[in-house]
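Please look over the sequence and the model below before reading on. The briefing then goes through it topic by topic.

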Amino acid sequence: MRQTMFHLGDIISTTVLFVIFLAIFFVMIHTIKRMKSTAPSPPQETLQQQVENLTVRVTILEQQLENLSERR
């Protein structure tokens, strides 16, 4: 029966490879979390566009109010 002896070099190289693997693993997890948290958001409307949208909505509401008052 042959006994396997582990040399100090084998243990050190295996440990170094394991640490490198863990480091890569955690860096990838961190990168994925950062990418999820900074998801691209659609560009915000300019103030002028918001004013125009509100103006259109107010005009529609005024027309609806006129229609309701005419029915009564």
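The model is predicted. Its protein chain has 72 residues, of which 0% count as buried.

**Overall chain**
- The secondary structure consists of 2 helices and 0 strands.

**Aromatic pair**
- The count of aromatic pairs comes to 1.
- This pair is formed by Phe25 and Phe26, with 5.5 Å from centre to centre and 75° between the planes.
- The pair is edge-to-face, because planes over 60 degrees apart are put in that class.
- Phe25 has a relative accessibility of 41% and counts as partly exposed.
- Phe26 has a relative accessible area of 52% and is therefore exposed, as the cut-off for exposed is over 50%.

**Nonpolar surface patch**
- Leu8, Ile12, Val16, Leu17, Ile20, Ile24 and Met28 form a nonpolar patch on the surface.
- Together these residues have about 710 Å² of accessible area.
- One of them, Met28, lies in helix H1, which covers residues 8-37.
- Met28 is exposed, because its relative accessible area is 51% and exposed means over 50%.

Methods:
Residues numbered from 1 in each chain as written. Predicted model: local features only at pLDDT ≥ 70, side-chain atom pairs only at ≥ 80, totals over all residues. Heavy atoms only, no water. Helix = DSSP H or I, 4+ residues; strand = E, 2+ residues; numbered from the N terminus. Buried < 20%, exposed > 50% of the residue type's maximum accessible area, 1.4 Å probe, protein only. Phe/Tyr/Trp six-rings, centres within 6.5 Å; stacked < 30°, edge-to-face > 60°. Patch = residues over 30% accessible without salt bridge, like charges linked within 9 Å, V, L, I, M, F, W, Y side chains within 5 Å. Areas by Shrake-Rupley, 256 points an atom, 1.4 Å probe, with all protein chains shown as cover. Salt bridge = Lys/Arg side-chain N within 4 Å of Asp/Glu carboxyl O.
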